[in-house]
Amino acid sequence: MNDKFVVGYDGSEAARRALDFAMDRDAAQGATVVIAHVLEWSPYSFLTPTELEERHMRRKEELNRAEKSIITPAKAAVEGKGVPVETVLRYGHIADTLCEVADKMEAAQIFIGRNGHSRFGSRVFGSVAGSLVQTAPVPCTIVP
Amino acid sequence: MNRLTQRAALAATAFLLFAGAAAAQEQTIDDRINAVFSGATGWFVSFIFSPFPGTSFPWIVAWLVIAATVFTIYFGFIQFRAFPHSIALVKGDYSDPDDAGEVSHFQALATALSGTVGLGNIAGVAVAVGIGGPGATFWMILAGLMGMASKFTECTLGVKYRNEFEDGHVSGGPMYYLTKGFAERGLPGGGILAVLFSIFCILGSLGGGNMFQANQAHQALTGVLGDYPGFITGLIFAAIVFVVIIGGLKSIASVTEKVVPFMAVIYVGTALIILIMNADMIGWAFGQIFAGAFTGLGVAGGMVGALIQGFKRAAFSNEAGVGSAAIAHSAVRTKEPITEGFVSLLEPFIDTVVICTMTALVIIITQQLVIDEATGNYLLNEAGTAIRTVGDTSGVGLTAAAFGSSFSWFPTILAIAVILFAFSTMISWSYYGLKAWTFLFGEGKTKELVFKVIFCIFVIIGASASLGPVIDFSDAAIFAMAVVNIIGLYFLMPIVKREVNSYLDRLKSGEIKKFKH
């Protein structure tokens, strides 16, 4: 059996805990870890003319930066433990995009870390964990 | 060249300092700037607005309307046929999810709109209705609907012939399609047209994209704070524009860009509430609009007067055929340039057919224009140039009075909206002007700085001069862009036709599909 475990990973402490947790489960089940990093993006945001002009250039820079400082170190850590690993780097709404990735890869589970915002903070800014739990197409593990 | 431009920058800065110092000593600096300004630009304005011999119909208005009609017919009423598809494109139904993070159709449209939605919709419409009567609204809507085809043509070309630089940034607009498109078709003269366009674009960016905005922002402020000299508003605005475009303080621009759409929603929302409150008058208002459109109802110039005002304001507000939007739209990420053409045709619709019409309806329904009870015609003011209004207001003052008659607090909101709209339009136009400038003189820090300093100086002049000369020069410069741009569009429209036919065929055959989101 070769299940895929999608781990929402942003390089934070919480994300690292989720990755460790998923790796432990992986090692036991022989599954593949999919490190998914989503750059927050809405196609309905408002930009200035200069931002429009530079968008393509900035996107390249952002992708390079994310690949280098977030994806590569995490991938190395997983490989170091001898767990099979894949990576995904996408733009979009974080929870929605993680669901799409899981759906497309026919993943068995999604793992994410929890930042532990206050209830008020989550109400105002929304919480990735909250929306993921409500919309995820597969079982979802939230690591505190 | 470099030394020359640096010298020019120094001279410009010296002028700025001089203007500031002189203003401190001389209270009538506004009058002086006004006199110098009208003297310097009068010939240009008279040329652009010269009427056909023996009539009072300016040739430039005919030029724009004929172009919009030609494009409408040539593309088989594309603005109506493609309207639902345009909305699907903006929603992102046809956007490849792998392109997320690139400029979306929505973003290109929103940015282009923030350059056009502005004072034209608030003050410009008031000027049109104030001079041309309610009938001007009819011609304005008609011009808006036709203008959708012009916008479609120019924005498609803007994307098709943009320059994509190695570092990934893009530059597009009429300058580029005039040179590259003409070369591709083996036509001569593209280079000359591109240079002419750039010169007029720079003038337009200083006129309608700058001085008119500063001027009306000052009027809006005096409406709330009481009268004070215009150069003070000018200096403050110039300072803020300076930090944004020269100091690179992007956060101010970003915040404005986000607040402006909300202001537009508040504006249209309030207008709708006023219309609902006066629902029984809506039928009467449309009656006035139709009657005025064909008889003039006593306005200066009669039916032709109403028509000219309506067409002029529509063109000035939505800029269809002017070429400016092609610059803003060209940054979108798409494999099909025609899709941006479809999206851009929504711009005159939102700007003119929706927002401008709201303003006009509110002014008419709140009965700001004085009617002669005996004849049912509108009474003219003492000079005989415009309709007499209740509080003797004009421009943005008339709009404020109309909205204020229903909600006393609205003039304050309107003043904030005007200032924000003015500011976002200035930022957009400083970009358009800069693109034209760098097309002429090449890219480079010093060269760009010279333009930006000149731009800031014109903010002060605009706020200080009185409405008449400023509005005339603004219109003239923007229409001059349209002269060159439309010549180019006529020659390049077969290219757009090929694109649109190929695209629509593939859409029909199912080759172009919606993406699952």
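Reader: Let's begin in the sheet of chain A: which residue in E4(A) is the bridge partner of A:Val7?

Author: This is a predicted model, so keep that in mind throughout. The bridge partner of A:Val7 in E4(A) is A:Phe111. That bridge belongs to the pairing of strand E1, residues 4–8 of chain A, with strand E4, residues 109–113 of chain A; the two run parallel and share three bridges.

Now the sheet around them. Five strands make up an open sheet in chain A, in the order E3-E2-E1-E4-E5, and the pairing is parallel. The edges are strand E3 (85–92) and strand E5 (140–143) of chain A, each of which pairs on one side only. On average, neighbouring strands are turned by 25 degrees against each other, ignoring direction.

Helices pack on this sheet too. Helix H1 of chain A, residues 13–29, touches E1, strand E2 (32–40), E4 and E5 of chain A, and its direction is about 145 degrees from that of E4(A). Helix H3 of chain A, residues 94–104, also packs on the sheet, with contacts to E1, E2, E3 and E4 of chain A. For H3(A), the angle is given against E2(A), and it comes to about 145 degrees.

The contact between the chains involves 21 residues of chain A and 27 residues of chain B. H2(A) gives the most, with 10 residues. By class, the chain A side that touches chain B has 10 nonpolar, five polar and six charged residues. As for confidence, the predictor gives the complex an ipTM of 0.84 and a pTM of 0.85.

Chain B itself averages a pLDDT of 85, and 92% of its residues score at least 70.

Helix H10 (residues 190–225) and helix H11 (residues 230–245) of chain B pack at about 120 degrees, and their axes are 9 Å apart. The crossing of H10(B) past H11(B) is right-handed. From H10(B) come B:Ala214, B:Ala217, B:His218 and B:Leu221, which meet B:Gly230, B:Thr233, B:Gly234 and B:Phe237 of H11(B). Sorted by class, this contact has four nonpolar and four polar residues, with no charged ones.

Most residues other than glycine have a negative phi. B:Glu319, however, isn't a glycine and has a positive phi, near 60 degrees. You'll find B:Glu319 in the loop between helix H14 (302–318) and helix H15 (324–329) of chain B. B:Glu319 counts as buried because 32 other C-beta atoms lie within 10 Å, and the cut-off for buried is 20 or more. B:Gln367 is another non-glycine with a positive phi, about 55 degrees. B:Gln367 sits in the loop between helix H17 (346–365) and helix H18 (396–404) of chain B. With 16 C-beta neighbours inside 10 Å, B:Gln367 falls between the cut-offs of 12 and 20, so it counts as partly exposed.

Notes:
Residues numbered from 1 in each chain as written. Chains lettered and ligands numbered in written order. Predicted model: local features only at pLDDT ≥ 70, side-chain atom pairs only at ≥ 80, totals over all residues. Pairing = 2+ DSSP bridges. Helix = DSSP H or I, 4+ residues; strand = E, 2+ residues; numbered from the N terminus. Axes fitted to C-alpha atoms, helices over the stretch in contact; angles between N-to-C directions. Contact = placed C-beta atoms within 7 Å. Left-handed = near helix turned anticlockwise from the far one by under 90°. Nonpolar A, V, L, I, M, F, W, Y, C, P; charged D, E, K, R; others polar. pLDDT = per-residue confidence, 0-100.
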